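Hello,

Here is the structure we talked about handing over. My notes on what was found in it follow below.

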Amino acid sequence: MTGAAERAETLLNVEDLCVDFPTEDGVVGAVRGVSFSLRRGEVLGVVGESGSGKSVSSMAIMGLLPRTAKVTGSINYAGDELANLSYRQMQHYRNNEIAMIFQDPMTSLNPVFTIGWQLSEAYRAHHSVSKKAAWAKAVESLELVGIPQPDRRARQYPHEFSGGMRQRAIIAMSIINDPQLIIADEPTTALDVTVQAQILETLLRIRDETAAAVIMITHDLGVVAGMVDRVQVMYGGTVVESGGVDQVFDEPRMPYTMGLLGSVPNPNLLGTRLTPITGAPPSLMHLPAGCSFSPRCPLVIDDCHEAEPELAETDSAGHTARCIRWRELLEVSKPQEVFISQQLGIVEDPAVLLAENPELAEAEHIASMSEHAGQGTTEGTGRQ
Amino acid sequence: MSTAAMEEQQETGQAQAPLLEVRDLVKEFPVRGGGIIPRTVGTVQAVSGISLQIGQGETLGLVGESGCGKSTTGRAILQLQKPTSGSVRFKGRELTTLRATELRPIRRDMQIVFQDPYASLNPKWPVNDIISEPLQIHGATAGGATGTVQQQVNELMELVGLNPEHRNRYPHEFSGGQRQRIGIARALALRPKLIVLDEPVSALDVSVQAGVVNLLEELQEQRGLAYLFVAHDLSVVRHISDRVAVMYLGKIVETGTREDIYKHATHPYTQALLSAVPVPDPKQERERQRNRIVLTGDVPSPTNPPSGCRFRTRCWKAQDICAVEEPPLIRHGKTISACHFAEELQRS
């Protein structure tokens, strides 16, 4: 980001974003030092497992986190600083400049108002127009996302819509004020495959027609592969690899990304065993020392436990990874070469995953107790 | 229907009777109206006459979207929910007419692993009790096992990749993937012949999912288990199954070997379903996006299924005959499918 022209192109610039949640048991570092920038019209995919901080970082951009959350760092949207704006100050940006699509289409619509009413309310919040004009805009917006008979549908309530239709209505609501940035947080996770295909097609069309930038948050590598220009892989609250979609998928430079790609059944690898990553994602309250992926990493060396590696440029431009051993992956073409795929009889010890100091067996046990207690709740809420 | 079943039997290449044989299985649920005295105002046919077979050591993948009746099928086969009609024969014995006490010894050979590892383990019980419960009920030597209950629990825990020292811990002390392993250990305790896997990995994170899938595959090789793998994730089903049956609104619309279903599908629904799955490969995915079949609308309600072919409301091939006449499940090309216009997709 050097030239002035390039700076004008940049829509969103996030610098060293950190989100901490103080709890009774300690501080949960949900997002740790996330930096990225997004150009106008660009589609960025954010991939990660539950608890990797992908949703929290987008909630921070939208200013939707509860007041207990401590947000530090800079969120620069088209020259305006958004970090730590008050709820009221954020209202100008919400939906008007930045819109968000949530995972569950049922809970993000109000069941007691008609779809058309909810859409026109969103429009009237930012435009001083008559109710009638706002209604017309709502119908137009429903038509844009491919809802048949939009004028009749606008008079219906959310319960009269099917899951896919509701998600379309949400998309219609998010684009009604022509935002420059759309954040889609797992928009298709709650939907069936055939409906997912419809919604993704709608999103792609919206991207082409509105020229809005899109941040696509998902755990589905397939969804990312077909939709985005750039990918950002998150693990343990921070970005561990980022680059163009082809770079990241073809030449991953972070063992976690490689393991993730090997974990997904791929028709090209039929007949071979999958390559799971042993262990479970870390608890954000008790992160392992050094690299947060080190307890699960097959390439781990002693240096990995020393300090968390920087997100540094790798062999190709614009492709960064947070791994000191990325050069080892240059020769590796298949995840099988790095990860063990046999499972039977191999006992994995959950305590090993969190041992910050293996000498202290007692402390380790206590840590593992709270780890699993914490994990149960965070994972439980993260899924449907 | 019977010709299809026979053909299917030939396909599995088995001269002797299959381990599990299901014929025209129907499961209806009453719909009760509101009011003080709830009256039955109608029925939902969750499963409407499906037939399938599973041979020894074989994996049958049962796929479909939510609400198509795939989980109900699994449960009706195990007699956890009594089928309304139809026949379920396990090792040649008819199960639907048996009483609960007569069923108990047979249950030893048929187990189930549930979808949600958070809800399917008793939170008040330590893992040891959860895994040993089947052994307590059926006796420690059930299924030809040796050793004391305690020895067997330790062996089972090691087998599924858990540390036996953790047997006194409670389910909340384990991660999702580990809990699913506890569920698998419990199902394995009685050395069953058939395990119904009801979406066993869909609640797990991707990196953890692969570990459980590998474990299931290796257990099958070691113990000669037969699986009925119920899932909505087509890529996982493709990975694990020998044969695949695709369900839509309570009926099987297409069945065949894994290769044939994924490469030579003849039913439009299967084709659309396969084309809708995103592939984690950017180049391939861009290509697929251009040729993607995107169905319109959602799955209709099973309370009022469309006449004739149930898929016709979303099908691009639908013609008048589809509304009148239900297509039989017969061989078309390499697979057995229920469509008047079944045809392999022309690849452009």
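A contact within chain A comes first. Gly164(A), Gln167(A), Arg168(A), Ile171(A) and Ile175(A) of helix H7(A) touch Val195(A), Gln198(A), Ile199(A), Thr202(A), Leu203(A) and Ile206(A) of helix H8(A). By class, the residues of this H7(A)–H8(A) contact are six nonpolar, four polar and one charged. Please keep in mind that the model is predicted.

As for the geometry of that pair, H7(A) covers residues 163-175 and H8(A) covers residues 193-210; the angle between them is about 15 degrees and their axes are 10 Å apart. Angles under 35 degrees count as roughly parallel, so H7(A) is roughly parallel to H8(A). The crossing of H7(A) and H8(A) is right-handed.

Another helix pair in chain A is H4(A), residues 115-124, with H5(A), residues 131-144. Their axes come within 8 Å and cross at roughly 110 degrees. That angle makes H4(A) roughly perpendicular to H5(A). The handedness of the H4(A)–H5(A) crossing is right-handed. On the H4(A) side the contact is made by Ile115(A), Gly116(A), Trp117(A), Leu119(A), Ser120(A), Tyr123(A) and Arg124(A). On the H5(A) side it is made by Lys131(A), Ala134(A), Trp135(A), Lys137(A), Ala138(A), Ser141(A) and Leu142(A). Sorted by class, the contact of H4(A) with H5(A) has eight nonpolar, three polar and three charged residues.

In chain B, helix H4(B) (residues 127-138) packs with helix H6(B) (residues 176-188) at an angle of about 30 degrees, the axes being 7 Å apart. H4(B) is therefore roughly parallel to H6(B). This crossing of H4(B) and H6(B) is right-handed. Val127(B), Ile130(B), Ile131(B) and Pro134(B) from H4(B) meet Ile182(B), Ala185(B) and Arg186(B) from H6(B). The contact of H4(B) with H6(B) holds six nonpolar residues, no polar ones and one charged residue.

Next, the interface. Chain A and chain B each give 63 residues to the contact between them. About 5100 Å² is buried between the two chains, and carbon and sulfur atoms give 54% of that area. How many salt bridges does the rule find across the interface of chain B and chain A? There are six across this interface. Arg273(A) and Glu217(B) form a salt bridge, with the closest N and O atoms 3.2 Å apart.

Over all chains, the structure holds 29 salt bridges. Within chain A, the side chains of Asp315(A) and Arg253(A) meet in a salt bridge, at 3.0 Å from N to O. Asp315(A) is in the loop between strand S11 (312-313) and strand S12 (320-321) of chain A, while Arg253(A) is in the loop between helix H10 (245-250) and helix H11 (255-263) of chain A, so the pair ties together parts that are 62 residues apart in sequence.

Regards

Note on methods
Residues are numbered from 1 along each chain as its sequence is written. Chains are lettered from A and ligands numbered from 1 in the order in which they are written. This is a predicted model: local features need pLDDT of at least 70, side-chain atom pairs count only at pLDDT 80 or more; totals for chains, interfaces and linings use all residues. Side-chain values use heavy atoms; hydrogens and water are left out. Axes are lines fitted to C-alpha atoms, for helices over the stretch in contact, and angles run from 0 to 180 degrees between N-to-C directions. Helices (H or I, at least four residues) and strands (E, at least two) are DSSP runs, numbered from the N terminus. Angles under 35 degrees count as roughly parallel, over 145 as roughly antiparallel, 65 to 115 as roughly perpendicular and the rest as oblique. A crossing is left-handed if the near helix is turned anticlockwise from the far one by less than a right angle, and right-handed if clockwise. Contact means heavy atoms within 4.5 Å. Ala, Val, Leu, Ile, Met, Phe, Trp, Tyr, Cys and Pro count as nonpolar, Asp, Glu, Lys and Arg as charged, and the others, Gly among them, as polar. Buried area is the accessible area (1.4 Å probe) that two parts lose on being put together, summed over both. A salt bridge is a side-chain nitrogen of Lys or Arg within 4 Å of a carboxyl oxygen of Asp or Glu.
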